[in-house]
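Have the viewer open and follow along.

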Amino acid sequence: MNLDNIKIADMRIILNKDTTLARYYPLIPWKETIIERLMGNGILFKSQYDEIYDSDFERIRQITEMQEGIDESFHAALHLHDFKNRSIKEFKSIGSDVIAEVLAHGYRKSLDIIKLAFEKSEEEMSEILYIGRTDVRKICAMCHLMRLPGVKDTRASLYYDCGLQRLDDFRNSTQDKILETIADYIGHSGCGKSVPQKKELATQIAVSRILP
């Protein structure tokens with residue numbers, strides 16, 4: 001299961017000053033040229049790019065016709081949001097008894113849970129893992145929320161508690177609406193957690209829109 005095989009065309013969404021790191025700013029003026037040249041040579045997905053890059057990097061340079069340094073920077077930006085397979089032990093916001101059951105049944109990584117959820121219903125997962133359906137729902141949501149850049153347990157649990165429980169909740173919303181939702185929740189709950197920075201959230205929204 002490839003959870004980060006993004007489209008080359010979608011690098012348009014990532015490579016801008018609102019959603020990427022300053023070290024990638026030099027790529028921004030060249031992004032359309034690089035994308036068009038790669039796609040013009042039939043390279044539509046990251047997996048296709050990587051296959052050529054790993055076997056013949058000079059071929060990538062010939063295709064993009066970019067100066068030395070630009071190609072390496074594009075490659076790094078393309079992999080900036082690669083899937084991180086989190087340990088279930090990191091999920092401190094879920095009860096230790098629930099985590100113990102999940103681990104006892106051989107599911108140790110977030111990818112294990114995502115694969116199981118792809119194949120089984122919520123009810124079936126509850127029976128397999130020996131945990132309640134509410135806990136199944138939360139652990140599945142947490143695994144997907146932690147696909148977003150910079151999101152670990154604390155941030156993922158905040159988003160979940162705010163009702164932002166799916167990547168679609170980010171894809172289909174705006175920065176201002178999400179910030180308002182989070183600020184309202186923090187204010188009413190007194191949870192003591194912090195509102196994400198605007199650029200952090202803008203990046204997460206952008207990445208939610210390109211992840212397969």
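Which residues have the most contacts inside the largest nonpolar core? Keep in mind that this is a predicted model. The core has 64 residues, and those with the most contacts inside it are Leu 38, Tyr 49, Phe 74, Phe 91, Ile 113 and Phe 170. Helix 9, covering residues 133-145, gives the most to this core, contributing seven residues. As general background, nonpolar side chains tend to be buried together in soluble globular proteins.

Zoom in on Phe 74 next. Leaving aside residues up to four places away in sequence, Phe 74 touches Met 11, Leu 15, Leu 27, Ile 34, Leu 38 and Tyr 49.

Now back to helix 9, and to its partner. Helix 10 spans residues 153-161, and the two pack at an angle of about 120 degrees with their axes 9 Å apart. On the helix 9 side, Thr 134, Arg 137, Lys 138, Ala 141, Met 142 and Leu 145 take part, meeting Asp 153, Ala 156, Ser 157, Tyr 159, Tyr 160 and Asp 161 of helix 10. The residues of this contact divide into six nonpolar, two polar and four charged.

Finally, look at the loop between helix 1 (11-14) and helix 2 (31-40), where you will find Thr 20. Is Thr 20 buried or exposed? Its relative accessibility is 3%, so Thr 20 counts as buried. Not counting residues up to four places away in sequence, Thr 20 touches Ile 14, Tyr 25, Leu 80, Lys 199 and Thr 203.

Key:
Residues are numbered from 1 along each chain as its sequence is written. This is a predicted model: local features need pLDDT of at least 70, side-chain atom pairs count only at pLDDT 80 or more; totals for chains, interfaces and linings use all residues. Side-chain values use heavy atoms; hydrogens and water are left out. A nonpolar core is a set of buried Ala, Val, Leu, Ile, Met, Phe, Trp, Tyr and Cys residues joined through side-chain atoms within 4.5 Å. Buried means under 20% relative accessible area, exposed over 50%, partly exposed in between (1.4 Å probe, protein chains only). Helices (H or I, at least four residues) and strands (E, at least two) are DSSP runs, numbered from the N terminus. Contact means heavy atoms within 4.5 Å. Axes are lines fitted to C-alpha atoms, for helices over the stretch in contact, and angles run from 0 to 180 degrees between N-to-C directions. Ala, Val, Leu, Ile, Met, Phe, Trp, Tyr, Cys and Pro count as nonpolar, Asp, Glu, Lys and Arg as charged, and the others, Gly among them, as polar.
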